[in-house]
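Here are my notes on the model you sent over. Have a look at the fold first, then go through the points in order.

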Amino acid sequence: MSPVDQTSWDAAVRHLYEDAYPYDATGPRRHEDWVLDVIALMARVPDPRGWAGLDAAQNPEREASPTYPFVAHPPEYIARRLQEIDRASAENLLLALTDDCCTLSNLKRFTESEGELRAMARTILARYGDEATYHTNVSRPGPVPGTLDFTTSHWGYSPLSVYSEDCGLIVVSDTEVGMFWNFSDY
């Protein structure tokens with residue numbers, strides 16, 4: 001995976017999630033237990049590179065709780081709700097997070113081909129390097145442990161927010177933690 005520049009990364013994030021209700025951000029990795037860095041990221045720690053993210057939760061509730069719409073949970077609670085997935089599943093998940101319902105059928109709304117959209121997802125992941133690990137609160141067990149199956153209609157998630165549905169991907173590198181989350185309230 002080659003390094004990615006800010007312009008390409010920003011364009012991919014903005015295009016894929018412009019119609020979602022997203023929280024897409026990156027923070028520094030400061031702890032061996034990266035869940036502590038996820039908690040800091042939920043509280044809006046600044047991007048270590050100064051790159052833009054997307055934060056749809058700009059509303060009065062943030063005054064009372066800086067982590068809104070995430071609920072302030074202890075690290076153990078969050079860690080139990082995340083499972084590690086492989087890179088291919090992470091790429092699919094980034095595409096599924098482009099709209100409600102965490103499904104690849106969301107891609108129909110784009111004018112680009114699936115290949116072009118996958119290239120955008122790979123651009124997003126490239127920021128974190130080849131050694132990154134991927135974690136999600138989505139349960140769509142694939143045929144192999146650590147994979148997600150987006151062809152099944154049976155799925156679930158472990159919510160971390162005040163909304164009725166929240167699904168996301170956490171990307172962990174040696175120096176950064178990225179968070180790509182989408183919220184729905186039915």
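1. Ground rules. This is a predicted model, where local features need pLDDT of at least 70 and side-chain atom pairs count only at pLDDT 80 or more, while totals for chains, interfaces and linings use all residues. Numbering starts from 1 along each chain as its sequence is written, and side-chain values use heavy atoms, with hydrogens and water left out.

2. The sheet. We have 6 strands in an open, antiparallel sheet, ordered β2-β1-β8-β7-β4-β3. Elements are DSSP runs numbered from the N terminus: helices are H or I with at least four residues, strands E with at least two. Two strands pair if DSSP finds at least two bridges between them. The edges are β2 (54-55) and β3 (83-85), each pairing on one side only. On the β3 side, 3 bridges tie this strand to β4 (residues 133-136), and Q83 has T136 as its bridge partner there.

3. Around β8. Strand β8 (176-184) pairs antiparallel with β1 over 7 bridges and with β7 (residues 165-172) over 8 bridges. W181 shows up on both sides: it is the bridge partner of Y23 and of G168. β7 and β8 make a hairpin with 3 residues between them.

4. Burial of β8. How many of the residues of β8 are buried? The count is 9 of 9, where buried means under 20% relative accessible area, exposed over 50% and partly exposed in between (1.4 Å probe, protein chains only). One face carries E176, G178, F180, N182 and S184, the other V177, M179, W181 and F183. In a regular strand, side chains alternate between the two faces of the sheet.

5. Helix α1. Residues 6-17 form α1, which lies across β1 (22-28), β2 and β8 and runs at about 155° to β1. Axes are lines fitted to C-alpha atoms, for helices over the stretch in contact (heavy atoms within 4.5 Å); angles run from 0 to 180 degrees between N-to-C directions.

6. N92. This residue sits in α5 (residues 87-96) and counts as buried because its relative accessible area is 17%. Leaving out residues up to four places away in sequence, N92 touches L104, R118 and F150.
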